[in-house]
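Me: I have a multi-chain model to read. Please take me through its features one by one, general idea first.

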Amino acid sequence: MIRLASLLLILIGLYGIFSSRNVIKILIGVNVMELGVNIFIISVGFFKGGIAPILTADSFSSAMKFVDPLAQAMVLTSIVIGLGITALGLVFARKIHAQYDTYDLGAIGGGKDD
Amino acid sequence: MNVMSFVYGFLVLLGVFVFQTTLTGLNRKVTARLQKRYGARWYQQFLDIFKALRKDSTSHGWVFDFGVIMALGGIMATVIFIPVAGFEAFPGLDNIFVISYLLAVGMLGMAMSAAGSGNPWASIGVARALTNMLAYDVPLMIVIFTLIFAFDSSSLSEIAALQQGMGILGWNAFRMPLGGIVAVIALLGMLGKKPFDSFIAPTEIASGPMVEYGGKHLGFMFILHEFMTFIEVSIILSLFFGGGATIWEYMLKYAVLYTFMNIISGVMPRFKIDQAVKYFYRVPLAMAIVQGLVVIFTGLGVTLWF
Amino acid sequence: MNLTIILAVTVVLAVVSFFITRLNKKAGGFLTVIASLFAFVGLFLLKGSIGGEFSIFYFSFKITMVGWYFALIMVLAYSMTSFFNPFWMDKMMYPGSYNFMYLLSMAGTIGMFFAKDFITLFIFWETVVWSSTFIIQLGKSRKASYVYYVVSAIGSMATLFAIMMAYSVSGTFVISEAFAGLSGGAAIAVFFTFILSGLAKIGIFPFHVWLPAAHGNAPHTFSPVLSGGLVKMGAFIAFLSVTAFPAYEIFSGMFKVMGTPFPIYFLMALGAISIIVGTLMAIKQEDAKKLLAYSSVANGGYILIGILMLDQVGFAGGMMHLVNHAVASAAAFLAIAAVAYRTGTTKMSEMGGMIHRMPVTYIVYLVAIISMAGIPPMGGFVSKWLIFQGLADKGMLFLAAAAFFGSIGSFMYVFRPLSAVFLGQTFTRDLKKKEVGFFMMLPMLILTALSILAGVFPNTILRVITEIQASVGISPVTLAENTIVTVNGYLDAFRVFIVFGFGFTIAFVIFIVRRKSKKVELMDTYTSAEFIHTRELLHYSSKFYAPFERLYDKAPDTMKLYKKIAVKIGELGNLTESLFYGHKPEKTVFWVMITGIFVVIIGGVV
Amino acid sequence: MINPVFMIAIPLILAFLSLVAARIKKWLLLSGVLINIAILFFLEKGETVIGGFKPPFGINLILDNYSMVGLALAGLLLLAGVVLSLDKADKYSTVLLTALAGINGMLLTGDLFNLFIFMEITIISAYILSTAGKKPEYSFNYLVIGSIGSVFYLAGLVVFYSLTGTLNMADLAAQNLSMGTPELLVPLFLIFTAFAIEAKLIPFGGWVKGVYGNSNRLTGALFASVYASTVLFVFGRVFNEVFALSGAVQTIIVLIGVVTFAFGEAAAFRQVKMRRILLYSSIGQSGLAAALFALGLIFPAVLLVISNAVSKFIMFSITGKLREIYKTDDYTDLKGVFFSNKLTGIAFSISAMSLIGLPLFFGFYAKLNALTALFNGGNWFIPAVILLFAIVEGAYFIRLLIALWAPGKEGEIADKSHAVGEIRIFNIKKSILVFILSLVILAAGLIPDLAGKLISSDSGFMGGDGPAFTMSQLKGGE
């Protein structure tokens with residue numbers, strides 16, 4: 001279920017990028033996709049009844065059901081990278097606005113190569 | 001190849017000159033009668049030639065002279081190669097390709113000399129003459145090609161000999177009728193007779209290549225014309241009408257063929273040069289190809305088919 | 001003599017000439033003369049070591065009779081033309097690289113003819129292609145160079161394909177073994193792709209478009225090499241495609257036309273078409289060099305037909321036509337170059353009466369065109385005669401018809417420059433022009449002499465050809481002392497020459513004994529009572545055969561075909577650009593999704 | 001012997017330093033790329049474990065022949081690019097150093113998730129470099145498309161992780177997954193998409209035109225050589241060593257590669273702007289290399305990548321500089337520009353001719369190897385396409401060369417009076433540098449066997465895929 005939801009999110013993000021021409025909205029689309037894939041990663045590592053993968057005095061037996069810690073680590077990295085990309089994307093958005101006075105890619109019309 | 005060959009060659013030249021010039025004179029008479037005139041005397045052609053040779057002439061530079069000599073030299077060399085009733089001054093050199101291309105030397109010389117005169121009429125005439133040649137030669141060459149393929153020989157005298165002794169139906173003109181017709185039409189073109197005489201058209205382009213000639217140059221041109229006529233008629237005679245077993249038979253056939261050509265031409269109007277090309281590439285070319293295909297694929301005509 | 005030395009010296013001298021030209025242009029030009037003459041002499045002496053095999057670097061060579069023959073023709077064209085180089089240095093934009101490329105391409109051709117394996121052959125071949133491309137661009141047209149490269153590339157890429165395909169079957173690149181084991185469809189594919197570079201190089205229809213462009217616009221000092229030399233590289237490929245690739249054996253089971261397997265007959269027919277197209281196009285050219293270029297197309301057709309016959313007579317004719325055409329066409333191009341050296345143009349309508357200023361050049365041109373048109377007593381006659389005899393023997397009617405058409409048509413086109421450039425009225429501008437110097441005259445005279453010698457003593461060349469014929473296992477053409485004997489006729493060129501001389505002498509004597517004629521000015525002609533004082537107006541040169549040209553002026557231009565293909569490729573490019581590229585991410589997202597859906601469907605199916 | 005991890009660590013440290021010591025960042029950058037080359041010679045071959053966990057649990061770096069070639073190529077070209085355009089590179093010192101770390105990491109890593117991180121580092125640096133074109137909408141486009149790629153990659157990766165429980169390349173390869181099954185097709189496609197986007201394959205590389213087409217002499221050269229070759233090297237490793245392609249998947253990927261090649265060359269054919277010509281040619285070459293990699297013909301593909309990278313580096317550098325001087329890269333406005341720049345012109349010509357695959361140049365050897373390998377695999381269709389579009393490729397490059405060398409009106413001989421400008425493109429030192437680089441192509445083309453041996457160094461790539469064709473085999477010996 002949760003996997004389907006994440007897949008849906010990715011597709012929604014793609015659709016957002018596909019259908020909108022506003023720079024900010026496209027960036028939101030990208031973010032939604034990233035969210036989707038992050039949830040997807042988590043869902044892979046997760047199963048019902050699993051506990052946090054932290055070794056404590058109470059839980060160190062391998063028989064205990066940890067959720068996969070690696071997936072969570074990956075998500076952490078992915079979020080960080082996503083953050084960086086979003087930030088950079090916003091910088092570009094600012095630049096586009098500064099240069100063309102609009103956020104609408106359709107209004108730029110492709111700008112001739114110099 | 002010895003001295004005698006050259007002597008014979010010289011004699012052939014002399015004989016051909018006398019014979020052909022006489023015939024031309026006679027034919028002037030024939031044409032005149034056709035046009036309801038009296039016409040000049042039979043030896044008028046000789047008088048014209050010798051008069052021209054005696055007169056003063058003007059020259060337009062060395063190529064004007066050189067071209068004339070080259071033309072006459074080439075043509076005379078060709079005449080020497082023509083087998084007359086089986087006789088050859090230089091035996092074995094009567095290859096049809098050699099003859100038809102050596103003929104071109106003379107034509108080239110003439111064209112060169114004419115164009116060298118600096119008169120544009122001459123150049124136009126030459127252009128037309130060459131175009132005319134392209135028109136008649138391709139169908140004719142295809143027919144000749146067919147003959148060579150059929151008889152495995154490209155020797156004029158051999159092909160002539162192969163037709164003899166079977167009566168009139170042994171002639172290639174009857175064995176390969178389409179080819180014969182093509183050859184006769186092509187001969188008209190070769191001779192520059194009407195309707196294929198646009199390149200000398202006197203009233204239109206002032207006699208074309210001949211426009212600047214006078215005196216001995218003109219005399220050369222006359223002689224050249226006689227020799228050329230002989231070569232052209234002889235080729236067709238040997239290839240399609242069996243040549244001649246004896247010199248008399250040869251001369252008789254020759255006279256008939258030549259006069260026949262003249263009579264045809266006497267009643268013809270003139271083609272424009274592009275019309276001539278179109279004509280040759282429509283009817284005679286098609287006939288020549290059909291004849292060629294028939295011979296190559298059925299063998300009909302190689303052996304007697306009646 | 002050693003091939004290694006020849007190749008090494010030419011390549012080294014190529015580099016040296018590049019630097020010397022930077023110091024002194026003329027000296028660099030003279031170096032090309034020395035280098036090419038050295039190569040010519042070296043090659044000539046190489047005959048002793050025929051049969052030898054050796055390798056330089058990773059290139060492997062085998063000195064064969066046919067390679068020697070081709071290389072000698074090639075280097076002859078190079079060395080004769082090189083005499084003109086020093087005088088054109090000032091007109092070149094890059095004299096140094098011209099000299100470098102000139103010698104490099106020469107080395108390339110030498111290496112190519114002696115290659116033992118196809119990769120060596122291909123490397124040298126392509127080297128020649130690109131180095132000559134860079135020479136042609138220095139001439140009058142950049143487009144010409146481009147066209148030349150593209151057509152050559154079509155050929156060489158196809159040949160590379162064939163080589164590789166053959167290799168995947170036989171596992172070797174060695175020329176004599178590479179085609180072993182081919183059969184069926186693969187054999188046909190290899191045959192046609194392999195010979196494509198040859199067709200492109202000879203200028204066979206529809207690849208002939210590069211000849212008028214390149215020959216007509218290359219620097220005047222390179223056109224003779226292109227036409228006299230480089231075109232013959234294609235003949236070598238044609239030769240290999242019937243000998244190394246034993247086309248007659250491999251296709252022996254196929255449908256035959258007049259005893260010739262259909263694929264070979266098809267190529268011969270292409271040769272025949274080239275003869276017709278070349279002739280017709282040559283007739284209507286206004287530029288002397290372009291005219292000669294189209295005549296090369298027509299002559300290429302003869303060569304191809306001759307070589308592909310691979311028999312006793314026609315093949316010998318084709319091989320001999322290589323020499324005759326190389327010599328004649330190089331001489332004709334050199335003559336035109338000499339005229340252009342003085343007048344600065346090659347357009348026939350802008351010249352006239354040059355015979356009175358440049359008589360030697362005129363004679364050179366005259367002999368060259370007599371040979372090209374196949375009129376005795378020049379070399380071209382003998383080779384065309386052999387080809388005719390071969391065709392007559394096999395009864396190939398349509399090919400023969402084309403050959404006759406080309407032969408007679410050649411009278412028409414070769415006469416045009418003769419009449420327009422050399423004869424007629426001399427233009428006022430050119431009245432003070434002089435003949436070219438002896439150094440430039442020399443190669444032209446040598447070539448003229450060669451043309452005549454080949455026509456009078458053809459057996460000298462034919463003896464070499466009989467050896468080639470023996471080496472590829474066909475019965476050599478029968479030669480007596482001075483005579484060439486074929487099934488349906490024989491030719492004694494020497495006697496024809498003597499008789500011609502005899503006739504000429506008689507005519508000359510008659511001419512001399514008659515009264516001397518008065519020399520008059522050229523303008524002193526019959527003008528139908530008009531008063532014309534402008535020399536230029538009294539010269540008939542442009543649209544020489546106008547009535548004849550009109551008959552086919554609507555004929556389609558082959559170049560249009562190439563342009564159409566180029567447009568189509570451009571359209572594909574346009575499509576690519578507009579479909580996939582832009583500044584909005586939506587296009588890419590769209591395609592990613594489409595591809596994704598496609599993959600999912602495929603996944604479901606698989 | 002030096003631990004390969006320094007290849008990543010040193011540039012990263014220098015990148016941080018360059019933020020702190022902004023005034024000397026130019027020198028930091030220079031020293032970074034120089035050190036990078038220097039330690040290349042002393043690297044420890046084999047596997048290096050990072051962080052103490054043994055693979056497949058920990059992360060490892062793998063330095064084999066293949067990655068070595070990739071590292072050397074990227075490092076050397078980056079060095080050349082920095083030296084050639086130091087004035088431009090100064091501003092991007094930090095970014096370039098980070099990019100170097102990312103590139104080295106991509107080539108070295110033995111872990112798929114690690115690869116993701118390095119790839120992101122590299123790509124983000126590329127996003128920033130692309131802003132040099134002053135066309136933010138293209139940079140933005142690149143960023144969005146690149147992010148889609150990242151998301152796809154991660155998604156595909158996780159599926160594989162969930163199936164096999166490992167992300168280590170070697171470990172994953174050892175699982176011998178059958179790539180034909182539908183459930184693997186989709187994740188494989190996701191990962192392929194990510195690489196295809198970066199490797200500019202049609203239809204995924206929609207960002208290329210804007211970014212390459214507006215590059216300057218530094219960024220253009222780096223994108224087309226360093227970045228492009230790195231991505232292709234990784235592509236080759238992932239789709240040979242990790243996922244062995246076969247069946248329909250292989251066919252699809254090869255088809256995409258071949259189509260890219262054909263379409264790219266066709267698109268380049270109709271351009272008049274030099275950067276566009278070069279960019280579409282890059283797309284085409286990239287497609288061809290990808291197709292070869294997908295077919296498992298690693299050695300020819302590597303040769304192709306190397307030859308393309310060096311050539312494109314030279315050509316993009318010169319083109320970028322030309323645009324700086326003349327404010328245009330439309331070659332019809334630059335006729336005869338090489339007349340007063342012969343050395344640079346020769347370098348450009350050699351590169352172009354090598355790209356076309358003309359003999360005596362390295363590209364010919366690459367092409368010959370590719371053809372031989374393809375034919376040996378019983379494939380004749382792809383060689384036919386390659387050769388067909390090699391004609392197109394030759395056509396537009398020769399047209400370009402002719403225009404740049406020989407000015408003049410049609411119907412008149414080439415004349416220097418029509419040549420554009422007499423401005424030197426590069427100063428003498430830089431001209432010589434570019435020229436020497438082109439001489440490498442020529443030299444490698446003249447002694448291809450040696451060059452081939454140097455590249456494959458006997459052992460070949462990833463399990464013995466050596467030269468399919470050597471010149472020495474012509475002599476009869478193998």
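Reply: Start with a single residue. A:Leu76 counts as exposed, because it has 11 C-beta neighbours inside 10 Å. The cut-offs: a residue is buried if 20 or more other C-beta atoms lie within 10 Å of its own, exposed if 12 or fewer, and partly exposed in between, with C-beta atoms placed from the backbone.

Me: Where is A:Leu76 found?

Reply: A:Leu76 is in helix H3 (residues 69-100) of chain A. Helices (H or I, at least four residues) and strands (E, at least two) are DSSP runs, numbered from the N terminus. A:Asn38 is 38 residues from A:Leu76 in sequence, and their C-alpha atoms are 8.8 Å apart.

Me: What should I know about the model and its numbering?

Reply: This is a predicted model: local features need pLDDT of at least 70, side-chain atom pairs count only at pLDDT 80 or more, and totals for chains, interfaces and linings use all residues. Residues are numbered from 1 along each chain as its sequence is written, while chains are lettered from A and ligands numbered from 1 in the order in which they are written.

Me: What are the scores of the model?

Reply: ipTM is 0.91 and pTM is 0.92. Where pLDDT is low, the predicted coordinates should not be read in detail. Chain D averages 87, and 96% of its residues score at least 70.

Me: Which chains have the most contacts between them?

Reply: First the rule: two residues are in contact if their C-beta atoms, placed from the backbone, lie within 7 Å. Four pairs of chains touch, and chains B and C have the most contacts. Chain B gives 72 residues and chain C gives 64. On the side of chain B that touches chain C, H5(B) has the largest share, 16 residues. That side divides into 43 nonpolar, 21 polar and eight charged residues. Here Ala, Val, Leu, Ile, Met, Phe, Trp, Tyr, Cys and Pro count as nonpolar, Asp, Glu, Lys and Arg as charged, and the others, Gly among them, as polar.

Me: How many residues of chain C are in contact with chain D?

Reply: 61 residues of chain C meet 61 residues of chain D. H7(C) supplies the largest share of the chain C side, 15 residues. By contrast, chains B and D have no contact, and their closest C-alpha atoms lie 28 Å apart. Chains A and B do not touch either; there the nearest C-alpha atoms are 57 Å apart.

Me: At what angle do H5(B) and H12(B) pack?

Reply: Axes are lines fitted to C-alpha atoms, for helices over the stretch in contact, and angles run from 0 to 180 degrees between N-to-C directions. Helix H5 (residues 120-151) and helix H12 (residues 273-298) of chain B pack at about 5°, with axes 9 Å apart. H5(B) is therefore roughly parallel to H12(B). Angles under 35 degrees count as roughly parallel, over 145 as roughly antiparallel, 65 to 115 as roughly perpendicular and the rest as oblique. Their contact has 20 nonpolar, five polar and one charged residues.

Me: Now sheets, please.

Reply: Strands of a sheet pair through backbone hydrogen bonds, either parallel or antiparallel. Two strands pair if DSSP finds at least two bridges between them. In chain C, three strands form an open antiparallel sheet in the order E5-E6-E7. E5 (478-479) and E7 (489-492) of chain C each have a single partner strand, so one side of each is left without a neighbour in the sheet. C:Leu479 has C:Ile484 of E6(C) as its bridge partner.

Me: Which strand does E1(B) join?

Reply: Two bridges link E1(B) to strand E8 (residues 518-519) of chain C, and the two run parallel. B:Thr58 has C:Lys518 as its bridge partner.

Terms used
pLDDT is the predictor's confidence in each residue, from 0 to 100.
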